[in-house]
Amino acid sequence: QVQLVESGGGLVQTGGSLTLSCEDSGRTSARYAIGWFRQAPGKEREFVATISWNGLASFYADSVKGRFTISRDNAKSTGYLQMNRLIPEDTAVYYCAGDLEERGQYVYWGRGTQVTVSS
(Lines give C-alpha, C1' and ligand atoms only; values in the text may rest on other atoms or scores of the structure.)
Protein backbone atom coordinates (compact mmCIF):
# COMPACT_ATOMS: atom_id res chain seq x y z
CA GLN A 1 0.00 0.00 0.00
CA VAL A 2 1.27 3.47 -0.86
CA GLN A 3 2.25 5.38 2.27
CA LEU A 4 3.58 8.86 1.58
CA VAL A 5 5.82 10.53 4.13
CA GLU A 6 7.05 14.10 3.75
CA SER A 7 10.26 15.47 5.21
CA GLY A 8 12.59 18.43 4.82
CA GLY A 9 10.45 21.23 6.18
CA GLY A 10 11.79 23.84 8.55
CA LEU A 11 12.44 27.50 9.23
CA VAL A 12 14.25 29.58 6.63
CA GLN A 13 14.81 33.26 5.98
CA THR A 14 13.37 35.12 3.02
CA GLY A 15 15.39 34.31 -0.06
CA GLY A 16 16.51 30.96 1.29
CA SER A 17 15.97 27.46 -0.04
CA LEU A 18 14.55 24.15 1.15
CA THR A 19 14.10 20.77 -0.46
CA LEU A 20 11.11 18.68 0.54
CA SER A 21 11.03 14.92 0.07
CA CYS A 22 8.05 12.63 -0.34
CA GLU A 23 8.88 8.97 0.20
CA ASP A 24 6.60 6.03 -0.42
CA SER A 25 7.48 4.12 2.72
CA GLY A 26 5.40 1.22 1.46
CA ARG A 27 7.87 0.79 -1.45
CA THR A 28 5.02 -0.32 -3.67
CA SER A 29 5.12 -0.81 -7.42
CA ALA A 30 2.10 1.44 -7.86
CA ARG A 31 2.32 3.99 -10.67
CA TYR A 32 1.16 7.44 -9.66
CA ALA A 33 1.70 11.07 -10.42
CA ILE A 34 2.98 13.09 -7.46
CA GLY A 35 1.46 16.37 -6.47
CA TRP A 36 2.52 18.91 -3.89
CA PHE A 37 -0.06 21.02 -2.11
CA ARG A 38 0.13 23.53 0.73
CA GLN A 39 -2.17 25.01 3.32
CA ALA A 40 -1.46 28.22 5.19
CA PRO A 41 -3.23 29.08 8.46
CA GLY A 42 -6.77 30.21 7.81
CA LYS A 43 -6.58 29.42 4.12
CA GLU A 44 -7.73 26.58 1.91
CA ARG A 45 -5.32 23.99 0.62
CA GLU A 46 -3.86 25.00 -2.71
CA PHE A 47 -2.07 23.23 -5.51
CA VAL A 48 1.67 23.82 -5.85
CA ALA A 49 3.09 21.44 -8.46
CA THR A 50 2.69 18.01 -10.02
CA ILE A 51 4.87 15.57 -11.94
CA SER A 52 3.90 12.57 -14.04
CA TRP A 53 4.89 9.01 -13.25
CA ASN A 54 7.65 8.99 -15.85
CA GLY A 55 8.88 12.42 -14.78
CA LEU A 56 8.54 13.89 -18.25
CA ALA A 57 5.62 16.20 -17.55
CA SER A 58 5.30 18.76 -14.77
CA PHE A 59 3.06 21.68 -14.00
CA TYR A 60 3.29 24.52 -11.49
CA ALA A 61 1.06 27.05 -9.85
CA ASP A 62 1.78 30.57 -11.08
CA SER A 63 2.78 31.62 -7.58
CA VAL A 64 5.78 29.25 -7.53
CA LYS A 65 6.72 29.03 -11.20
CA GLY A 66 10.38 29.80 -11.71
CA ARG A 67 11.18 29.34 -8.00
CA PHE A 68 10.14 25.75 -7.27
CA THR A 69 11.18 22.58 -9.09
CA ILE A 70 9.43 19.24 -8.77
CA SER A 71 11.23 15.99 -9.50
CA ARG A 72 11.16 12.30 -8.66
CA ASP A 73 13.39 9.26 -8.41
CA ASN A 74 11.26 6.16 -8.88
CA ALA A 75 14.17 3.88 -7.99
CA LYS A 76 14.07 5.47 -4.54
CA SER A 77 10.27 5.73 -4.44
CA THR A 78 10.75 9.40 -3.63
CA GLY A 79 9.55 12.70 -4.97
CA TYR A 80 11.10 16.10 -4.33
CA LEU A 81 10.18 19.75 -4.25
CA GLN A 82 13.13 22.11 -4.50
CA MET A 83 12.09 25.53 -3.26
CA ASN A 84 14.27 28.56 -3.98
CA ARG A 85 13.88 32.31 -3.34
CA LEU A 86 11.37 31.59 -0.59
CA ILE A 87 9.11 34.37 0.61
CA PRO A 88 6.92 34.65 3.72
CA GLU A 89 3.84 33.91 1.59
CA ASP A 90 5.25 30.41 1.06
CA THR A 91 4.76 29.65 4.77
CA ALA A 92 2.41 26.68 5.03
CA VAL A 93 2.11 22.99 5.74
CA TYR A 94 3.20 21.19 2.58
CA TYR A 95 1.58 17.90 1.60
CA CYS A 96 2.51 15.42 -1.08
CA ALA A 97 -0.15 13.33 -2.76
CA GLY A 98 -0.34 10.44 -5.21
CA ASP A 99 -2.65 10.23 -8.24
CA LEU A 100 -2.87 6.49 -8.87
CA GLU A 101 -2.51 5.61 -12.54
CA GLU A 102 -2.73 9.34 -13.27
CA ARG A 103 -6.49 9.30 -13.25
CA GLY A 104 -6.75 12.91 -12.17
CA GLN A 105 -7.61 12.28 -8.53
CA TYR A 106 -5.18 12.27 -5.64
CA VAL A 107 -6.00 9.26 -3.48
CA TYR A 108 -2.85 9.03 -1.37
CA TRP A 109 -1.85 11.79 1.02
CA GLY A 110 1.00 12.37 3.43
CA ARG A 111 0.63 14.07 6.78
CA GLY A 112 2.50 17.18 5.80
CA THR A 113 5.64 19.06 6.74
CA GLN A 114 5.79 22.63 8.02
CA VAL A 115 7.65 25.29 6.08
CA THR A 116 8.09 28.67 7.72
CA VAL A 117 9.72 31.60 5.95
CA SER A 118 10.73 34.50 8.16
CA SER A 119 10.90 38.06 6.88
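The model is predicted: local features need pLDDT of at least 70, side-chain atom pairs count only at pLDDT 80 or more, and totals for chains, interfaces and linings use all residues. Residues are numbered from 1 along each chain as its sequence is written, and side-chain values use heavy atoms, with hydrogens and water left out.

**Open sheet**

- Four strands form an open antiparallel sheet in the order β1-β3-β8-β7; strands are DSSP runs (E, at least two residues), numbered from the N terminus, and two strands pair if DSSP finds at least two bridges between them.
- β1 (4-7) and β7 (68-73) stand at the edges with a single partner strand each, so one side of each has no neighbour in the sheet.
- From one strand to the next, the twist averages 15° (axes are lines fitted to C-alpha atoms, and angles run from 0 to 180 degrees between N-to-C directions).
- Strand β3 (residues 18-24) runs antiparallel to strand β8 (residues 78-83), joined to β8 by six bridges; T19 has Q82 in β8 as its bridge partner.

- β4 pairs with strand β5 (residues 46-51) in the antiparallel sense over five bridges, and G35 stands opposite T50 in β5.
- The hairpin of β4 and β5 has six residues between the strands, and G42 in its turn has a positive phi of about 75°.
- β5 also pairs with strand β6 (residues 58-60), antiparallel and over three bridges; the bridge partner of T50 in β6 is F59.
- In the hairpin of β5 and β6, six residues lie between the strands, and G55 in the turn has a positive phi of about 80°.

- R38 lies in strand β4 (residues 32-39) and is buried, with a relative accessible area of 5% (buried means under 20%, exposed over 50%, partly exposed in between, with a 1.4 Å probe and protein chains only).
- The R38 side chain makes polar contacts of 2.9 Å with the side chain of D90 and of 2.9 Å with that of Y94; a polar contact is a pair of N or O atoms within 3.5 Å, one able to donate a hydrogen and the other to accept it.
- Residues touched by R38, not counting those up to four places away in sequence, include E44, V48, S63, F68 and V93 (contact means heavy atoms within 4.5 Å).

- Ring pairs link F37, F47, F59, Y106 and W109 into a cluster; rings of Phe, Tyr and Trp (its six-membered ring) pair if their centres lie within 6.5 Å.
- The charged end of R45 sits over the ring of W109, 4.0 Å from its centre, and R45 also lies over the face of F37, at 5.9 Å from the ring centre (the criterion is NZ of Lys or CZ of Arg within 6 Å of the ring centre and within 35 degrees of the ring normal).

Definitions and conventions: Rings of Phe, Tyr and Trp (its six-membered ring) pair if their centres lie within 6.5 Å; planes under 30 degrees apart count as stacked, over 60 as edge-to-face and the rest as tilted.
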